[in-house]
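Please consult the sequence and the structure shown here while reading.

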Amino acid sequence: MKNQKQLETVLYSSVGVIILLVIAIALNLIFSRVSTRVDLTADRIYTLSEGTRAVLGKLDTPVQLRFYFSQGASDLDVGLRTYAQRVEDLLNEYRIYSKGRIEVKKLDPKPDSDAEDSATLDGIEGQMAQLGGDKIYFGIAISCLDAKAAIPFISPQRERLLEYDLTRAISQVAKPVKPNLGIMSGLPVFGEMNPMMMMRGGGRQEPWIFVSELKADFNVKEVPVSTDKIDDDINLLLVVYPKGISEAAQYAIDQFVLRGGKLVAFLDPLSVFDSGNNPGNPLQAAAGSGASMDKLLKAWGLEFDINKVVSDKQFLTELQDPRTGRPQPNPSFLSLSQAAMDTNDVATTQLGRILLPFAGHFTGSPVEGLKQSVLFHSSKDSQLTDKMMAQFGATEEFKPSGTEHKLGVRLTGKFKTAFPDGKPGADAKEEDKKEGDEKKADAAGHLKESKDEGIVVLIGDADMLHQNFFARVQEIFGQRIMMPFAANLTFVQNLVEQMGGDKDLIGIRSRATLSRPFTRVREMQAKAELSYESKIRQLEKDLSDAQQRLNDLQRAKGEGQQAILSEEQKQEILQFQRKRAEVNKELKEVRKNLRRDVDSLETTAKWTNILAMPLAVSLAGIVIATFKRKRTAAQ
Amino acid sequence: MNEAIGNITAIAKRELVSYFSSPVAYVFLVIFLLMNGFFTFMAGGFFERGDASLIAFFIWHPWLYLFLVPAAGMRLWSEERRLGTMELLLTMPIAPWQAIVGKFLASWLFLGLALLLTFPVWITVNYLGSPDNGVILCGYFGSFLMAGAYLAITCMTSAMTRNQVIAFIVSVVICLFLILSGWPPVTQLLESLDMPAIRDLAASFSVMTHFDGFQKGVVAVRSLVYFGSVIGFCLFTTGVILRTHRAG
């Protein structure tokens, strides 16, 4: 009896507490290795996507992931440490789904350690968090046999794309064959010998920069526009401004898509690089410009109008007016921001702005068997302008169409041939078209529809590919150094990487962690801007008119008298100054009103949230107290 | 088993009634809600973020709970001891652990009610945009667990002393340590021990690390184990302390 009591006393004393503490700590230690978790996010952003699982399932050679993390660093940012834990969890998921094909090694590259040497060899860069502090390593090296790839520093800003980066690297090392990229172009993207330039001592034009950049990751082959077959070893074809493309060439592209090749076509109603047959006559050149692939588009259910350019008041670009030097908004030069793009597509997520000079749009709906996703579109504040008017900047009358014109689309699915009768111009005399010939045509390898899922991306502008529209290029010691100011090249690189690599990669959705704005607030802002816009424009016009009158007066005077102010001028100046002050004041009022509705919404929401419930609870408390007092009051 | 549950429920009810029969509960709720609202919308920059989520709301909870939960829980056992009702309670035909669990659950439910009453902010964010409600739900769940962990610690300190103020201060210190165990000042203190394993362990004990996962919409098993082990350990220790007092 006493012994049992003694046991209980011991158990429930400080000894017991210490024992339980040790158990609790041990439990936590054990479970820190366990990465099981339930992902409650709407987009399942913490679960591996199907594409990744498909890639992992296809692995047949072991892949090693080396995770370098300086977790011993004393001045490590807590946010980074927490992120590192999430990265480790993700790597663990990769290991679990790979059925043993993926091995994960965690290394801490302390100074002068083997791990540090290994990191350097793998190309993992250490970053210094503070000056003079230790280097912090936070990267992943991926290797399979002797192929290596690396994510040198896992930036928290790129958290959403971490899964994509990893899966792409794994895919690259597992199949390290550089894909073949064909470029068929109606513009001199490969550079050309221009006989006219030679006379001026110029000579050879350099290839466009995007071609040189793509050559770094792909075997780039030039495909002539007049071809009638795309070589079998080309996996991805870029078609740029296929002006006047022949039926034979369209047939070649058609068959290319059906056999599983991936196509990206840059069509354009108006290209500034198309000098056409009349280099000296821009008017005629513009009239004759425009490139599309009508037979193919028709078969896919789409249309591309080469006579109209999309002008947009929301996505316009401010260009320098050569006459006045002042910035002039040009709505036909589109500057697309993230708002215009599909944020869930890996090709367009996290892009900065894309510059599209004189872009056309796609209409129609895809035929059965094909799905369309819009990569980017105009705002509703857009209209279709005749391309001639657009080129000469005449956009006085602007009527918003209310439609978001499709500027770039992706088609996926099972494609059917656009040439049901087989190869065009295949020596078909009417009499020869008998049953025997049909068999021969099929025997010659004519595909009627694609075996697997095909992918075609159509963009409504070709000029975006030229460096003039996305980077400043400087020649330093014979090297072209490129400083980008727009994300055109990034977009093309994203697209090409995505399509040239594994098909599964395209399905990996970009993790939309951050793209949930206050839509109601945005709507209110847009509405307010619309209603005040005309007022603002009117006021600005008044101002510029007054300025103009002043300038006219100045010019009307004789040469020698311009320094002296005439009476008329003095009056005009006074009036102008008065007008300007008035206009500025009105403008300020209008701008203040723009935010008024939004501000009042915010204030209401703020105060309701802060005070409503506390008031309700206080009230409830008072009511209950009064009620109780009444009840317990002497009867 | 049923008897145990019955006992626990009875104790819990008793505790809850006692909470609401004094103005303490209402004052606490009002302050909790006011502070949540204030921090979310003023200091948290709810609108400035432009993001339809409750990050600005949840981010303050570890710090708000730091002071409010000990305030709500400090009277749990200290009061019984002060009033002398402790002996009465423990001589009732119930096991001490049932009393401990009952009181804990009552307070936890009370905190849960306080959390629930913040629902206007959820309505607001859904009105202004389309947030990820799964993430928000997960955040509320994690916040509730975190409150439970702080509360268990407070139970423990409250059982130690008759003086509520001491209970309050000690539990604030312990909770603070749990929050900061991943922070440089604390890890540097542990550097002197020259055992990196201990320091990493300390980091994994930080409430922030585990709550962070819930805020992001992930329910990690290891975080459930963490909160569960904190609550379990503290409640057990409460039992031990009470037993010691009873014996003495």
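## Contacts between and within chains

Across the interface of chain B and chain A, two salt bridges are found by the rule. The model examined here is a predicted one. One salt bridge joins the side chains of Arg86(A) and Asp212(B), with a distance of 3.4 Å from N to O.

The size of an interface is often given as the accessible area lost when the parts come together. Between chain B and chain A, the buried area is about 5,100 Å², and carbon and sulfur atoms give 67% of that area. In this interface, 59 residues of chain B are in contact with 57 residues of chain A. On the side of chain B, Phe47(B), Leu128(B) and Arg222(B) lose the most area to chain A, together 14% of what that side buries.

Within chain A, attention turns to a pair of helices. Two packed helices are described by the angle between their axes and the distance between the axes. Helix α3 (residues 50-57) and helix α6 (residues 162-174) of chain A pack at an angle of about 20 degrees, and their axes lie 10 Å apart. Because angles under 35 degrees count as roughly parallel, α3(A) is roughly parallel to α6(A). The crossing of these two helices is left-handed. The residues that make the contact are listed below.

| Helix | Residues in the contact |
|---|---|
| α3(A) | Thr52(A), Val55(A), Leu56(A) |
| α6(A) | Glu163(A), Thr167(A), Ile170(A), Ser171(A) |

Sorted by class, the contact of α3(A) with α6(A) has three nonpolar, three polar and one charged residues.

Conventions:
Residues numbered from 1 in each chain as written. Chains lettered and ligands numbered in written order. Predicted model: local features only at pLDDT ≥ 70, side-chain atom pairs only at ≥ 80, totals over all residues. Heavy atoms only, no water. Axes fitted to C-alpha atoms, helices over the stretch in contact; angles between N-to-C directions. Helix = DSSP H or I, 4+ residues; strand = E, 2+ residues; numbered from the N terminus. Parallel < 35°, antiparallel > 145°, perpendicular 65-115°, else oblique. Left-handed = near helix turned anticlockwise from the far one by under 90°. Contact = heavy atoms within 4.5 Å. Nonpolar A, V, L, I, M, F, W, Y, C, P; charged D, E, K, R; others polar. Buried area = accessible area lost by both parts, 1.4 Å probe. Salt bridge = Lys/Arg side-chain N within 4 Å of Asp/Glu carboxyl O.
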